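Okay, thanks for coming, everyone.

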Amino acid sequence: REGRNIRAIERLTGVELIVDEAPDTIILSSFDPLRREVAKIALAKLIKDGRIQPAKIEEKVEEAKTELEKRMFEIGEEAAYEVGVFDLPKEIIHLLGRLNFRTSFGQNVLTHSVEMAHLAGMIAAELGANSDIAKKGALLHDIGKAIDHEVEGTHVELGREILKKYGVAEEVVTAME
């Protein structure tokens with residue numbers, strides 16, 4: 001429809017769509033991985049529904065945003081549960097879930113954080129240190145990367161501010177740093 005639907009999706013998601021008709025391919029282009037994920041979910045819903053029009057596009061994008069928010073929280077809960085950290089505020093759990101959609105040096109940031117939590121717990125146990133604090137600090141060591149594209153500061157500074165804002169114990173904040 002003269003690009004009207006493509007422009008509507010691009011406007012609502014902030015993602016550029018590149019449609020290549022030869023191999024039936026749609027490329028989603030954006031530096032923001034959350035925007036790309038919203039666009040991906042919305043497009044899948046639109047294709048499944050079959051009715052692609054501006055009103056439906058708006059509805060499916062909103063559904064995709066809601067679904068992604070819920071998924072991020074679930075992903076954060078799973079990560080915390082995997083390493084045995086059960087007392088984190090909901091906001092921090094949500095930020096952990098956001099890390100699943102970030103990469104750093106080619107590695108998924110949440111996967112890296114979970115691996116570091118396991119290692120930190122083992123090392124702390126070997127040294128006779130508090131393994132719970134070590135695991136929690138390691139799990140949260142990159143939490144600032146969940147928002148570092150949106151706010152000024154290094155991920156360590158942002159992480160410190162986030163943890164203090166939500167009342168995380170000072171020894172965990174020190175371990176995170």
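This is a predicted model: local features need pLDDT of at least 70, side-chain atom pairs count only at pLDDT 80 or more; totals for chains, interfaces and linings use all residues.

Let me start with a question: leaving aside its neighbours within four places in sequence, which residues is Asp-142 in contact with?

You'll find Asp-142 in the loop between α6 and α7, and α7 is residues 155-165. The residues touching Asp-142, once we skip those within four places in sequence, are Leu-99, Val-109, His-112, Ser-113 and His-155. One of these contacts is polar: the Asp-142 side chain pairs with the side chain of His-155, at 3.1 Å. And is Asp-142 buried or exposed? Its relative accessible area is 5%, and the cut-off for buried is under 20%, so Asp-142 counts as buried.

Okay, zooming out for a second. The protein has 8 helices and 4 strands. Reading from the N terminus, the order goes α-β-β-α-α-α-β-β-α-α-α-α. If you box up the C-alpha atoms along the principal axes, you get roughly 65 × 30 × 25 Å. There are 177 residues, and 40% of them are buried. As for contacts with a separation of 6 or more, 48% are between residues 24 or more positions apart.

Now helix α2, residues 33-49. At the start of α2, a side-chain oxygen of Asp-32 comes to within 2.9 Å of the backbone nitrogen of Leu-34. After the helix comes Gly-50, with a positive phi, near 90°. Which residues of α2 are buried? They are Pro-33, Leu-34, Glu-37, Val-38, Ala-39, Ile-41, Ala-42, Leu-43 and Leu-46. The cover over those buried residues includes α1, β1, β2, α3 and α4.

One of those buried α2 residues, Leu-46, takes us over to Lys-56, which sits in helix α3. Beyond its neighbours within four places in sequence, Lys-56 contacts Leu-46, Asp-49 and Arg-51.

In general, we describe two packed helices by the angle between their axes and the distance between the axes. Take α1 and α3: their axes are 10 Å apart, at an angle of about 30°. Under 35 degrees counts as roughly parallel, so α1 is roughly parallel to α3. The contact uses Arg-4, Asn-5, Ala-8, Ile-9, Leu-12 and Thr-13 from α1, and Pro-54, Ile-57, Glu-58, Val-61 and Lys-65 from α3. The crossing here is right-handed.

Last pair: α5, residues 109-127, and α6, residues 131-139. How do these two run? Their axes come within 7 Å and cross at roughly 155°, which makes α5 roughly antiparallel to α6. On the α5 side, the contact residues include Ala-117, Ala-120, Gly-121 and Ala-124. The α6 side includes Ala-134, Lys-135 and Ala-138. Here too, α5 passes α6 in a right-handed crossing. Among the α5 contact residues is also Ser-113, and Ser-113 is one of the residues in contact with Asp-142, which is where we came in.

Note on methods. Residues are numbered from 1 along each chain as its sequence is written. Side-chain values use heavy atoms; hydrogens and water are left out. Buried means under 20% relative accessible area, exposed over 50%, partly exposed in between (1.4 Å probe, protein chains only). Contact means heavy atoms within 4.5 Å. A polar contact is a pair of N or O atoms within 3.5 Å; within protein, one must be able to donate a hydrogen and the other to accept it, and residues adjacent in sequence count only if both atoms are side-chain atoms. Axes are lines fitted to C-alpha atoms, for helices over the stretch in contact, and angles run from 0 to 180 degrees between N-to-C directions. Angles under 35 degrees count as roughly parallel, over 145 as roughly antiparallel, 65 to 115 as roughly perpendicular and the rest as oblique. A crossing is left-handed if the near helix is turned anticlockwise from the far one by less than a right angle, and right-handed if clockwise.
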